[in-house]
Structures are given as C-alpha cells and as structure tokens.
Amino acid sequence: MKKYFQSSAHILITLLITSFFIGLIVTLQWKAGILKTSLYPLDQIEAQKQLLQIFVEEQQTLEKEVSELRNELEMAKKSLPEPNEKEKTYREEQKRKIGFTEIIDDGVEIFLGDSPVAPEELVRAADLRDVINLLFSSGADAIAVNGRRVLPLHSIHVVGTSFLINDFYAFPPFSITATGQTEVLIGRLQDETFLSDLRRRSREKRLRFSYQSRRDLIIPSYKGSLRNQFISEPL
Amino acid sequence: MKLADKKIHAVVLLLITLGIGFLLALQFRSFTLVKRAFLRDRNPNIFREIQVLKNVTDKLRNEKDDLEANKAEFKSRYSTIEAVKKELAQYKLLSGEIAVTGPGIRIVIPKAVDTVWFTDLANSLIAAGAEAVAVNSERIGSAQAGFRVIGGKTLLLGDRVLRPPFRIEAIGDKRTLAESLLQPDSVLRRLEQTLKNQEIFLTQEGSLLFNAIL
C-alpha cells in the first residue's frame with residue numbers, strides 16, 4: 001500500500017511538473033505572433049517574382065532611354081555660343097558637386113564578396129551601406145561600386161537576388177572605389193573600431209573583405225536619375 | 001501497482017514528453033523569427049522590394065518625361081538658352097549651392113544611437129523618394145556626407161558636429177515617406193524597439209527649409 005502511494009506520488013509530481021511546463025510553453029506560444037501566409041504560398045512567391053522581373057526590365061529600358069535623351073540634349077547644347085569662362089567654371093563646379101563629372105584621382109579600392117567556404121554566407125546590403133558610409137565620413141570625394149557612381153544621397157537594397165543601388169543593379173563581388181586623401185581613407189579602413197562586424201565575418205571566412213590604395217582611379221560621372229519634383233528654391 | 005497501469009502511465013508520459021518537445025521546437029522557431037526582425041536586411045520583405053522598385057521606376061519615368069520635354073524645347077535658340085538656364089537652376093538645387101524648401105517629414109530621435117541607424121534611416125528615406133535629407137538642418141551632400149557617432153553622444157555628418165536631439169528631415173512626397181517608415185518592420189519601428197521607453201516622433205510637414213551647404 002505504501003509503495004502504491006509512493007509510486008502514485010511520484011507519478012503525480014511528474015505529471016504536475018510536466019503540466020506546468022506545458023502550460024508555460026502554451027502561454028508563450030499563444031503570445032507569439034501568427035505568421036500570415038497564403039493558402040498557395042508557392043503561387044504567391046512566383047507571382048511576386050514575376051512582378052519584380054517586370055519592374056527590373058522596365059527600369060533597364062527606361063535607364064537606356066534616359067541616357068540617350070541626355071546625350072541628345074548635350075549634343076543640342078553644343079549648338080549654343082560658348083559661355084564665358086566664369087559661367088563655364090560655375091556650371092562645371094555645380095556638376096562636380098552633384099556628381100555629373102568624372103573624377104580621376106588617387107584613392108582606395110575595397111573588395112567585398114560572398115564567403116569562399118560557406119555558400120549561405122552572403123554579402124548584405126547593410127555591408128555595402130556601412131563601407132560607403134565610412135568612406136564618405138572619411139572625406140571621400142567620389143565613390144563607385146562596380147564602376148557605377150554612387151552619390152552621398154543614395155539607397156542600397158536587396159531586390160530578389162541583386163542589389164539595387166539607387167537605380168542600377170549590381171551583383172557581388174563588389175569593387176568599391178573611392179577617391180580622396182588616401183592616407184585618411186586607408187587609416188579608417190585599418191581602424192578596427194570601424195566595420196567591426198564585417199571584419200569579424202571576414203576573419204571567420206563568412207565574407208571576403210580586403211582593401212588597397214590605388215593610383216589614378218577613375219570614378220565615372222553619375223548616370224542615374226536625379227529629379228526635383230518636390231524641392232524648390234525658397235521664395 | 002498493476003503492470004497495465006504502469007504501462008498506461010508510461011505511454012501517457014511519453015505522449016506528454018513528445019508534446020513538450022514539439023512545443024519547444026515551435027517556440028524556438030518563434031524566437032528565431034523575432035530575432036530576425038532585429039537584424040538589418042535579414043528579413044526580406046517582398047512588398048518593400050516591390051515598393052522600392054516602383055519608386056525607382058516612377059522616378060525614371062518622370063525623368064524621361066522631363067528630358068523629352070527639354071528636348072522639345074531645344075527647337076529654337078531662345079528656348080534652348082532658357083532650357084540651359086533651367087538646367088543650371090536644377091543643378092544649384094541638387095548641389096546644395098542654394099537653400100531648398102518643400103514638403104516632407106521630420107523624425108526626432110531624442111538621443112544618440114549607433115551610426116548604422118542613421119545610415120539605415122537615410123537609406124530608407126531615399127529609397128522612398130526623398131529628394132533631400134538633412135539632420136539638424138545640415139543637408140547631406142557632397143561637401144558633407146557620411147555619419148559617425150562618437151563618444152556615444154555626438155553625431156558627425158561629414159565634419160559637422162551635431163548634438164541630440166536629432167532632427168532628421170526629408171523633402172519629398174510626405175505621405176509616401178511617412179508610410180514607408182511606419183510599416184511594421186521598417187527601420188524606424190526597429191529603432192523604436194531598441195530605444196524601448198523613448199518615443200520617436202514622426203510628423204508630416206507642409207514646408208521644410210534646408211540651408212545651403214557651405
């Protein structure tokens with residue numbers, strides 16, 4: 001009889017403890033959000049991919065048309081009388097500030113690529129943003145990614161499997177070139193307090209990250225879209 | 001205790017243990033998904049991707065329309081000169097040579113946060129169509145760009161020293177800008193979560209003024 005009660009007590013305690021944990025887990029799970037998903041997730045993903053592809057193709061066509069129109073306008077301007085030297089200098093200075101002129105100067109080149117050993121470890125848009133931010137904050141005059149100019153006012157997003165930098169697409173590996181005071185740029189890149197996450201992932205071979213100083217880098221002029229629909233001169 | 005009873009108890013315990021294991025696994029997955037929300041760029045959002053692409057496409061389409069209108073103006077010498085003047089005026093607006101104004105939004109961050117938050121906020125605003133962005137009235141441009149928080153309290157924009165509270169302003173379609181930042185997993189929402197009890201104010205403004213970049 002005593003053994004029976006002891007045995008029953010053991011079982012009861014065990015059941016009580018397990019019930020407590022079940023209750024706790026059920027409570028936690030109840031509070032966790034439910035992920036909304038379609039009944040046909042694969043169809044939905046496929047439709048979204050197609051929509052992205054349509055946008056990408058349309059953008060490529062528009063970019064080409066915008067570039068052609070700009071060239072035509074430049075040709076048409078040549079028919080005008082030459083502006084005086086002061087006007088010309090002023091105009092070129094404005095274009096340089098915006099990024100509409102090619103820059104040839106010494107600087108640095110940074111290489112950023114996916115992991116050489118782990119296929120699931122990829123370069124992120126945040127990595128590109130951090131490197132470009134560091135370069136601008138270090139006084140870089142001009143920056144390009146894979147040969148395309150990036151302005152101080154830029155956005156970098158992952159869209160599908162590509163990177164959208166303002167309105168051009170880029171794919172890893174990335175060659176980021178920047179002109180400016182080389183010793184300052186290299187000094188910042190060598191400083192371990194900057195880009196710590198990137199450096200750590202590079203040491204763990206989850207990313208490829210390297211840099212070097214370069215002479216006579218060519219940073220092309222900005223080819224993207226710049227529109228001022230909302231900004232205007234104050235009255 | 002009878003053998004049959006013991007067997008029943010054992011089966012019940014086994015089932016309960018299996019249930020716990022299943023629930024634990026589900027809970028672990030929930031935590032993983034929540035953690036992902038806090039990581040930059042690790043939570044792909046197809047709708048945001050589509051929105052970003054749509055903004056870019058709209059911008060390109062509008063620019064194409066403008067350029068075609070400019071091309072039409074290049075028919076006469078007089079209108080060509082006017083078109084060139086208009087182009088120079090546009091350059092001055094974009095370069096920061098002159099002050100600019102326009103509708104937009106304002107975000108006030110009460111204290112210094114990590115540099116990446118400023119970078120990501122600016123990134124989101126520009127992706128949503130911001131045409132000019134300023135922090136504490138200092139406009140981002142070629143002469144001042146790049147964020148760096150030093151000492152945990154001060155923000156450098158280029159070589160401009162800025163102190164909290166940080167007023168981030170963006171000129172553009174104020175509704176689009178506000179909506180993009182108020183989405184559930186936006187950078188602003190994630191920043192609010194890290195600041196816990198401190199509120200970040202976002203307001204839509206009819207008219208913002210950014211000084212010229214000196």
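A cavity here is a set of points, on a 1 Å grid over the protein atoms alone, where a 1.4 Å probe fits but cannot get out, and lining residues have an atom within 4 Å of a point. This is a predicted model, in which local features need pLDDT of at least 70 and side-chain atom pairs count only at pLDDT 80 or more, while totals for chains, interfaces and linings use all residues. Residues are numbered from 1 along each chain as its sequence is written, chains are lettered from A and ligands numbered from 1 in the order in which they are written, and side-chain values use heavy atoms, with hydrogens and water left out.

About 140 Å³ of space lies in this largest cavity, and the whole structure has two cavities of 30 Å³ or more. Helix H4 of chain A and helix H4 (115–127) of chain B each supply at least two residues of the lining, with H4(B) giving the most, four residues. Helices are DSSP runs of H or I with at least four residues, and strands are runs of E with at least two, numbered from the N terminus.

Let us move on to the nonpolar packing. A nonpolar core is a set of buried Ala, Val, Leu, Ile, Met, Phe, Trp, Tyr and Cys residues joined through side-chain atoms within 4.5 Å; buried means under 20% relative accessible area, with a 1.4 Å probe and protein chains only. The largest core has 64 residues, of which A:Leu112, A:Leu135, A:Ile176 and B:Ile109 touch the most other members. Helix H4 (residues 125–137) of chain A gives the most to this core, with seven residues. Apart from it lies another core of 17 residues, among them A:Leu52, A:Val66, A:Val159 and B:Val56.

Finally, look at the rings. There are six aromatic pairs over all chains, a pair being rings of Phe, Tyr or Trp (its six-membered ring) with centres within 6.5 Å, and edge-to-face meaning planes over 60 degrees apart. The rings of A:Phe163 and A:Phe174 are edge-to-face, because their planes stand at 80°, with the centres 4.9 Å apart. A:Phe163 sits in strand E5 (residues 162–165) of chain A and A:Phe174 in strand E7 (residues 174–179) of chain A. A:Phe163 is buried at 5% relative accessibility, and A:Phe174 is buried at 0%.

Conventions. Buried means under 20% relative accessible area, exposed over 50%, partly exposed in between (1.4 Å probe, protein chains only). On a 1 Å grid over the protein atoms alone, a cavity is a set of points where a 1.4 Å probe fits but cannot get out, and a pocket is an open set with protein on both sides within 12 Å along at least five of seven lines; lining residues have an atom within 4 Å of a point. Grid points are joined across faces, edges and corners, and a volume is the space filled by probe spheres set on the points. Rings of Phe, Tyr and Trp (its six-membered ring) pair if their centres lie within 6.5 Å; planes under 30 degrees apart count as stacked, over 60 as edge-to-face and the rest as tilted.
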